[in-house]
Amino acid sequence: ASIGKESAKTRGKNVVFYHFMGQHEKFEERYPHDYEQFNGKDYEECPEHQRKILAAYDNATLYNDFVVNSIMDRYKEQDAVVFYFADHGLDLFDTDPNYFGHAKATEESQAQGKKIPFMIYVSPVFQELHPDKIEKMKSATNKAFCTDKFIYAVMDVAGYRFVNNNDVEKYSIFQ
């Protein structure tokens, strides 16, 4: 994965979004051949029709982790925070031994689609400059969080407050 450089015009306080396919269906198309570490034999405890799919999903996850790590590495020398989350979860044979993909129209499958990873990386520079924000982040570790409130978390970390509007204080996971 290639991660772009910022231009002289964008240096300073910036928000950068990376959007990638990650572990969407057609898992075998989501990673280069070099990341093919898993194969069907690694899943002998699973039904045969699931093995290749599970292996491809885990290879896609391995590559996705590499990409996310590369992004974190890109910002490690800066006063930076990297938020990572998927856009949705998958039902990966969790509710039906013959189904994988986006959540189906069942309550159980939709619950699987709502389970997504959420991670925050803070650079050593950020940790040193903002110990109060680090403590707020640590205190939120086990809180339930819905990404529709993500903008408030970003505004909170960036230090923005709004006149006549306490939504950051009300909805940020760090409050």
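This is a predicted model: local features need pLDDT of at least 70, side-chain atom pairs count only at pLDDT 80 or more; totals for chains, interfaces and linings use all residues.
Local features are reported only at pLDDT of at least 70 and side-chain atom pairs only at pLDDT 80 or more, whereas totals for chains, interfaces and linings use all residues. Residues are numbered from 1 along each chain as its sequence is written, and side-chain values use heavy atoms, with hydrogens and water left out.

The model holds zero disulfides, a disulfide being a pair of cysteine sulfur atoms within 2.5 Å. Accessibility was classed as buried (under 20% relative accessible area), exposed (over 50%) or partly exposed (in between), with a 1.4 Å probe and protein chains only. C46 is buried at 17% relative accessibility, and C146 is partly exposed at 47%.

Helices (H or I, at least four residues) and strands (E, at least two) are DSSP runs numbered from the N terminus. N59 belongs to helix α1, which spans residues 48–74, and is buried with a relative accessible area of 1%. When residues up to four places away in sequence are not counted, N59 touches Y31, Y35, E36, Q37 and F38; contact here means heavy atoms within 4.5 Å.

Aromatic pairs number 12 in the structure. Rings of Phe, Tyr and Trp (its six-membered ring) were paired if their centres lie within 6.5 Å, and were termed stacked with planes under 30 degrees apart, edge-to-face over 60 and tilted for the rest. Y35 and F66 form a tilted pair, with 5.4 Å from centre to centre and 40° between the planes. Y35 lies in the segment before α1 and F66 in helix α1, so this pair ties together parts that are 31 residues apart in sequence. F66 is partly exposed, at 33% relative accessible area.

A tilted pair is also formed by F118 and F145, at 4.7 Å centre to centre and 40° between the planes. Because F118 lies in strand β4 (residues 118–122) and F145 in the loop between α4 (131–139) and α5 (150–158), the pair ties together parts 27 residues apart in sequence. F118 is partly exposed at 29%, and F145 is partly exposed at 24%. Ring pairs link F118 and F145 into a cluster with F83, F85 and F150.

The charged end of K104 sits over the ring of Y99, 5.0 Å from its centre. K149 lies over the face of Y171, at 4.7 Å from the ring centre.

How values were computed: A charge sits over a ring if NZ of Lys or CZ of Arg is within 6 Å of the ring centre and within 35 degrees of the ring normal.
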